[in-house]
Amino acid sequence: AGLRSFLNKDYENLYTIDIICHGVPSPLYWKKYIENNSKNGKIINYKFRNKDNIKEKRSAFEAIIKKENKIIKRKNNEDEYYNPFIKGESYRMSCYYCKYANIERCGDFTIGDCDSWKKYKDFGINEVKSTLLINNEKAYKFFNSIQDKFEKIDLNLKDEMDVNTPLRKATQMPLIRKYIYKDLRELDWKDFREKYTDKARFVFIKKIIIKAIKAINK
């Protein structure tokens, strides 16, 4: 949208792609995560889209950290960055009000995770599936010329929209979002990590709900 606004006209040889995006945390969050996990260890690798584990049937998260000559592998709920991210709790404020999170796409093509992949069990067996939306005639003509390069199947858009929320609306901001960035700035990292991995989060969420109920009843 920014590029098209800047150019102010279309170009025959320009093809644009937008992303099915549910939101992203702030650069501050990532910076603090890297800095604090590097103090007593070394981050060897960080994969948002690890496809090594076929059993997952989709891409998975993995952080690999070397600490005291030991290799630690963290999964989704064990990581203080990814756990709130995948739950939609740590996005930038603008993400919760994103006007591009709907089916009226601004790119010629749209790409993203295929969240309705279970509907296509006989296609791409043991492969992670992606969604590709062709949004206009120009994109359709281009894709037609290269479609033999792809393994593809027609997507039921309604099924995909039912489970892939950003094709319908922006992510709803949860109550816990109010606390995450305050704690990010104020808490010791050890306390922050314990609070935002699944180990302690249910107790914390219970306290938030109790506070909210008390505020409503005042």
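Residues are numbered from 1 along each chain as its sequence is written. In this predicted model, local features need pLDDT of at least 70 and side-chain atom pairs pLDDT 80 or more, while totals for chains, interfaces and linings use all residues, and side-chain values use heavy atoms, without hydrogens and water.

Q: How many helices and strands are there in the protein chain?
A: Both kinds of element are DSSP runs numbered from the N terminus, helices being H or I with at least four residues and strands E with at least two. The protein chain holds eight helices and six strands.

Q: How are H2 and H6 oriented to each other?
A: Helix H2 (residues 27-37) and helix H6 (residues 177-186) cross at roughly 40°, with axes that come within 11 Å. Angles under 35 degrees count as roughly parallel, over 145 as roughly antiparallel, 65 to 115 as roughly perpendicular and the rest as oblique. H2 and H6 are therefore oblique.

Q: Which residues in H6 do Leu28, Tyr29 and Lys32 in H2 meet?
A: Contact means heavy atoms within 4.5 Å. By this criterion, the three residues Leu28, Tyr29 and Lys32 in H2 meet Ile180, Tyr181, Leu184 and Arg185 in H6.

Q: Which residue in S6 is the bridge partner of phenylalanine 109?
A: Strands pair if DSSP finds at least two bridges between them. Strand S5 (residues 109-113) runs antiparallel to S6, joined by five bridges. In S6, the partner of phenylalanine 109 is isoleucine 134.

Notes
Axes are lines fitted to C-alpha atoms, for helices over the stretch in contact, and angles run from 0 to 180 degrees between N-to-C directions.
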